[in-house]
Amino acid sequence: MSFFKSIQAELIKLKFPPILWLMGFSLCSVLGLVLISHILDINNVVALGKNPWTKVWTAGVSIFSVFIANPFVIMLISAAVFIEHQSNTWKYLYTTPKNRSHLFYAKLSAIILFILGTIVVLSLGLLLCGYILNFIFPETEFGYYTPPVLKLISKFTHTVISLLGVIGIHYFLSHRFKGFLVPASFGVIAFIVAIIIGALNKPIALYYPYTYPIVSQEHNMFRTNNVGIVDYGWLNNVEVFSIIWFVIFIALANVLEVKKQVS
Amino acid sequence: MNAIAMQNISFGYRKNELVLSNININVPNQSIYGFLGANGAGKTTSIRLILGLLKPASGNVFVFGEDIKKTHPHHFNKIGSLIENPSLYGHLSAEDNLRIWSKFFNTPKQRTAEVLELVNLGDAKKKKTADFSTGMKQRLGLATALLHDPQLIILDEPTNGLDPMGIIKLREILNQLRSEGKTILLSSHILLEVEKLVTQIGIIKDGSIVFEGNLQQLQEIKQKNIEVILKVDEVEKAFEIIQIQKKSIEESIDKNRKIKITLDHENELPNIVKSLVNADVNIYEVSPIANDLEKMFLSITK
């Protein structure tokens, strides 16, 4: 209950205009691209006997995972932690009757909830895209087929797992550097490098967490046959590595935060 | 029992560079403790140590008799603090700012409205705090410190940015809190404010406590080393007579026929006046220079 209230407090703080703009921009970008690409290529959407929702899902998840997820998470985390640096509120936060680990994980949970919330809104947006396409082009038959919601949930779950490494690294960096620019700039450069590495189709992608959202699923944008992706049941090795990066960086950031002198 | 006891605390931001050296502070329960010191003397560092924001190189801090290392962070249920300038989430309203802290302190919903009214910010509760004046921010900072109705309130320079009305209101609030049995540690450089409020005083200089005691003890010090201005008709003669009594004469203003002398104790004054009268020196004025807290503070920290 206490942890739940702390998460609520952290979510109130996220009513930060740059964060809301970031969310709006990310959603509009993905949904706009999905809608426009389908309108321009409507003949390929209409395929007899095939569920048109699958194509919309794949497009939405791919655009999000490859182009938006990394910058969104990098900016979100940098801004969310920067709120405390900017407001100089660590001294108050650390004089509440909650231990530092509690506060550390409450903020992290709020950030992850915010990411999940954004993905839920994105999913609803993709659903809306389908019905808009059905309204403009009734021959697409979006209304005839049932949207495979579980498939969408599964795809986005893989995206979120593949993002965990980046989340861990940026949560760590945002706590270590007091400004917004350092973690955000580092993240942007790391993302550009990730696109390059993703395009190389080589095993180096396995060791670079920023490429994980790009290569962990088949997005039909990069060839990944030489990366060395191995499936372990429902997860693949890229997603397992992502979890490992997350655990290492979050544990390290937590230890340093607990020991921090607040001057 | 003391509300706060700092025992042999030493602290340095760097190794071998102590900013606090073996300090002891005792804040009695239900007192208003004025914590004085020049800028950079170590007031805020001491407060951060009490709050556990900094870890001492040596020594212990006790709050209500319990070692804070053992009670951390639960003892913060009993402590409200305002450290230096209030830190607020500028993008949020006053109400949202308090809502955040009420979640961490688990206070009832109506408490937010109560403390906003207490600091006269009820009408501005929906306003973004980034648009607040310095005084309003200070009052909201105070509201945050009082939100969970703490037993011990630590206020670091709380009058910063307050207008005279705000200072009067703050004094009323602090007196009210004291009458409710709260303990208040008040650090301020506006010494006049401290003198009007406090029951105990601690003075820190260069990281060491140079005075700690109650107002009565302070009054005793005030009676010593007092300065008096005498206006006489024959300055040189008066000089000689006073020098015989081995009193230091720091200054003579011939034009106004005034002499400033320093006495070890106020009891010496009648004898000096008597000697001057006996020597036919006419005295027009005897004015003790008010030995207020500010003067005392300056002399102690000099």
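## Close-ups of a two-chain predicted model

**View 1. B:Ala5 and its neighbours.** Leaving aside residues up to four places away in sequence, B:Ala5 touches B:Asn26 and B:Phe62. Keep in mind that what you see here, and in every other view, is a predicted model. B:Ala5 is found in strand E1 of chain B, which covers residues 2–14. B:Ala5 has 19 inside 10 Å, so it counts as partly exposed. For a sense of scale, follow the chain for 239 residues to B:Ile244, and you'll find its C-alpha atom 48 Å from that of B:Ala5.

**View 2. The four-stranded sheet of chain B.** Strand E1 belongs to an open sheet of 4 strands, arranged E2-E1-E4-E5 in chain B, and the pairing is antiparallel. At the edges sit strand E2 (17–28) and strand E5 (66–67) of chain B, each of which pairs on one side only. What holds paired strands together? Strands of a sheet pair through backbone hydrogen bonds, either parallel or antiparallel. Strand E4 of chain B (residues 58–63) is joined to E5(B) by 2 bridges in the antiparallel sense. You can pick out B:Phe62, whose bridge partner in E5(B) is B:Asp67. That is the B:Phe62 that B:Ala5 touches. Lying across E1, E2 and E4 of chain B is H1(B), which runs at about 115 degrees to E1(B).

**View 3. The six-stranded sheet of chain B.** Here 6 strands of chain B make an open sheet with mixed pairing, in the order E6-E7-E8-E3-E9-E10. Strand E6 (79–82) and strand E10 (208–214) of chain B are the edge strands, each pairing on one side only. From one strand to the next, the twist averages 15 degrees. Now look at the E10 end: strand E9 of chain B (residues 200–205) and E10(B) run antiparallel and are joined by 6 bridges. Opposite B:Lys205 you'll see B:Ser208 in E10(B). Helix H1 of chain B (residues 43–50) lies across strand E3 (32–37), strand E7 (152–156), strand E8 (183–187) and E9 of chain B, at about 150 degrees to E7(B). Helix H5 of chain B (residues 134–146) also packs on the sheet, where it touches E6 and E7 of chain B and makes about 165 degrees with the direction of E6(B).

View 4. How many of the 6 residues of E3(B) are buried? The count is 6 of 6, so to speak a mostly covered strand. In a regular strand the side chains alternate between the two faces of the sheet. In E3(B), B:Ile32, B:Gly34 and B:Leu36 are on one side, while B:Tyr33, B:Phe35 and B:Gly37 are on the other, and both faces are covered. E3(B) pairs in the parallel sense with E8(B) over 4 bridges, and also in the parallel sense with E9(B) over 5 bridges. Two partners to look for: B:Ile32 bridges to B:Ile184 in E8(B), and B:Leu36 bridges to B:Ile203 in E9(B).

**View 5. Helix H4 of chain A beside H7.** H4(A) packs with helix H7 of chain A (residues 149–176) at an angle of about 25 degrees, their axes being 9 Å apart. That angle makes H4(A) roughly parallel to H7(A). The crossing is right-handed. Residues making the contact include A:Trp57, A:Phe64 and A:Ile77 of H4(A), along with A:Leu152, A:Phe156 and A:Tyr171 of H7(A). Sorted by class, this contact has 15 nonpolar, 7 polar and 2 charged residues.

**View 6. Helix H4 of chain A beside H6.** The axes of H4(A) and helix H6 of chain A (residues 100–136) come within 11 Å and cross at roughly 150 degrees. So H4(A) is roughly antiparallel to H6(A). This crossing is right-handed. Among the residues in contact are A:Trp57, A:Phe64 and A:Ile77 of H4(A) and A:Phe114 and A:Leu122 of H6(A). The classes here are 14 nonpolar, 2 polar and 1 charged.

**View 7. Where the chains meet.** In this view, 24 residues of chain A are in contact with 27 residues of chain B. On the chain A side, helix H1 (2–13), helix H4 (52–87) and helix H5 (90–93) each supply at least two residues. Which of them gives the most? H1(A) does, with 6 residues. The chain A side divides into 9 nonpolar, 10 polar and 5 charged residues.

Methods: Residues numbered from 1 in each chain as written. Chains lettered and ligands numbered in written order. Predicted model: local features only at pLDDT ≥ 70, side-chain atom pairs only at ≥ 80, totals over all residues. Contact = placed C-beta atoms within 7 Å. Nonpolar A, V, L, I, M, F, W, Y, C, P; charged D, E, K, R; others polar. Pairing = 2+ DSSP bridges. Axes fitted to C-alpha atoms, helices over the stretch in contact; angles between N-to-C directions. Parallel < 35°, antiparallel > 145°, perpendicular 65-115°, else oblique. Left-handed = near helix turned anticlockwise from the far one by under 90°. Buried ≥ 20, exposed ≤ 12 C-beta atoms within 10 Å, placed from the backbone.
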